[in-house]
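Student: I'd like a close look at just one part of this structure, please. Pick a piece and follow it into whatever surrounds it.

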Amino acid sequence: MQAWQVHENGEPGEVMRLADVAPPTPGEGQVLLKVRAANINFPDALLCRGQYQVRPPLPFTPGVEICGETEDGRRVIANPALPHGGFAEYALADARALLPAPDALDDAEAAALHIGYQTGWFGLHRRARLEAGETLLVHAAAGGVGSAAVQLGKAAGATVIGVVGGPEKAAVARELGCDVVVDRHGEDVVAAVKEATGGRGADVIYDPVGGPAYAQSAKVVAFEGRIVVVGFASGTIPSPALNHALVKNYTILGLHWGLYNTKNPALVRHCHEQLTELTARGAVKPLVSERVPLDGAADAVQRVADGRTTGRVAVVPEKAVPEKAVPEKAVPETEVPKKAVPEKLEKGTAA
């Protein structure tokens with residue numbers, strides 16, 4: 001089979017090499033999956049650079065999120081078991097962690113539903129307890145992680161402010177349903193958010209960027225607001241001033257979604273059920289801006305790493321399907337129920 005392999009750490013475009021290798025052999029509790037589509041995530045770039053919290057042995061195949069096919073023909077969503085990742089024709093996965101791919105989504109969309117949307121659901125509902133009628137601020141709103149949070153926020157009945165970088169990404173954020181879009185390249189983010197909220201600020205802030213974005217968040221968070229720290233795509237990890245959190249009376253929440261797979265896997269499955277229901281209603285639909293063939297994976301991972309993409313980029317091993325960068329409508333125009341979120345869950349339960 002063909003698979004991308006990393007033999008040394010560095011930039012994805014430089015260290016990823018396409019090779020003919022033998023299909024991996026499943027270990028105990030694992031299954032071999034035919035890769036129907038693999039979604040590109042920022043952690044794939046970090047894996048190539050050797051900067052991710054998980055460091056698989058060299059050589060390894062990146063690709064941490066796929067829609068795959070089992071031997072009996074079932075479409076499933078999986079996180080491949082490294083070092084046998086998803087940028088290949090076949091990948092390995094934990095049999096117990098397989099999730100059914102929603103019928104409402106094609107392979108590329110299904111591959112993009114898992115990590116970003118689970119992170120968004122846990123961040124907004126499990127950690128921040130977002131309520132209908134509240135204001136949600138999403139940094140990098142046109143990106144893969146941000147676009148999921150925008151759709152989930154709208155589905156929950158929140159007013160969503162999206163912060164983006166550049167006019168192209170601003171257009172994508174509007175298509176996603178953002179009520180207010182702030183282009184950080186040409187606008188003062190703090191002033192724009194305060195104006196949009198009448199000086200009150202945002203109740204919940206979803207930050208996968210860190211660095212300057214976090215500094216802006218601390219200035220515009222509302223009384224009793226919640227800042228959800230999701231990641232540091234900017235490359236800079238901020239050092240919050242706890243006295244500031246005390247004086248302004250807001251909460252800083254960390255989210256490490258991967259821990260739920262070991263600490264409370266039942267809750268991960270419960271979340272998938274909620275996401276599947278939302279896709280069936282048309283309330284959420286992963287924004288797949290581009291589908292590339294397997295031989296285009298290295299360039300695509302590099303572009304994601306450089307912040308030059310919108311939504312999600314999917315690697316489709318069999319063939320690439322051309323698609324416009326901005327769909328006519330990322331979310332259907334049909335009205336979305338204002339409260340598409342299950343009742344609050346008690347800590348440590350899967351309900």
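Tutor: Let's take helix H12: eight of its nine residues are buried, so H12 is largely enclosed by the rest of the structure. Helices here are DSSP runs of H or I with at least four residues, strands are runs of E with at least two, and both are numbered from the N terminus. "Buried" means under 20% relative accessible area, while over 50% is exposed and in between is partly exposed, with a 1.4 Å probe and protein chains only. Before we dig in, keep in mind that this is a predicted model, where local features need pLDDT of at least 70, side-chain atom pairs count only at pLDDT 80 or more, and totals for chains, interfaces and linings use all residues. Residues are numbered from 1 along each chain as its sequence is written, and side-chain values use heavy atoms, leaving out hydrogens and water.

So who are the buried ones? In H12 they are Ala-297, Ala-298, Ala-300, Val-301, Gln-302, Arg-303, Val-304 and Ala-305. They pack against strands S1 (2-6), S2 (16-20), S14 (288-293) and S15 (312-316), and also against helices H1 (12-15) and H2 (42-49); contact here means heavy atoms within 4.5 Å. After H12 comes Gly-307, which has a positive phi near 70 degrees.

A nonpolar core is a set of buried Ala, Val, Leu, Ile, Met, Phe, Trp, Tyr and Cys residues joined through side-chain atoms within 4.5 Å. The largest one here has 84 residues, and Met-16, Phe-122 and Leu-136 have the most contacts inside it. Helix H12 (residues 297-305) gives this core its largest share, six residues. There is also another core lying apart from it, with 18 residues, including Ile-161, Ala-202, Ile-227 and Ala-245. As background, nonpolar side chains tend to be buried together in soluble globular proteins.

Rings of Phe, Tyr and Trp (its six-membered ring) pair if their centres lie within 6.5 Å; planes under 30 degrees apart are stacked, over 60 edge-to-face, and the rest tilted. By this rule there are two aromatic pairs. One is Trp-121 with Phe-122, edge-to-face, with 5.4 Å from centre to centre and 75 degrees between the planes. Trp-121 counts as buried at 3% relative accessibility, and Phe-122 is buried with a relative accessible area of 0%. Phe-122 also pairs with Tyr-260: the ring centres are 4.2 Å apart and the planes sit at 40 degrees, so this pair is tilted. Since Phe-122 lies in helix H4 (residues 115-127) and Tyr-260 in helix H10 (residues 260-263), the pair ties together parts that are 138 residues apart in sequence. Put together, the ring pairs link Trp-121, Phe-122 and Tyr-260 into a cluster.

Next, Leu-136. Leaving aside neighbours within four places in sequence, Leu-136 has contacts that include Leu-124, Leu-130, Ala-149, Thr-159, Ile-161 and Tyr-206.

Is Thr-159 itself buried, exposed or partly exposed? At 35% relative accessibility, it counts as partly exposed. Thr-159 belongs to strand S9 (residues 159-164), and beyond four places in sequence it touches Glu-134, Thr-135, Leu-136 and Asp-179. Its C-alpha atom is separated by 9.9 Å from that of Thr-197, 38 residues apart along the chain.

Arg-129 lies in the loop between H4 and strand S8 (135-139) and has a positive phi of about 55 degrees although it is not a glycine. At 25% relative accessibility, Arg-129 is partly exposed. Ala-140 is in the loop between S8 and helix H5 (144-155); its phi is positive too, near 55 degrees, and it is not a glycine. Ala-140 counts as partly exposed, at 31% relative accessibility.
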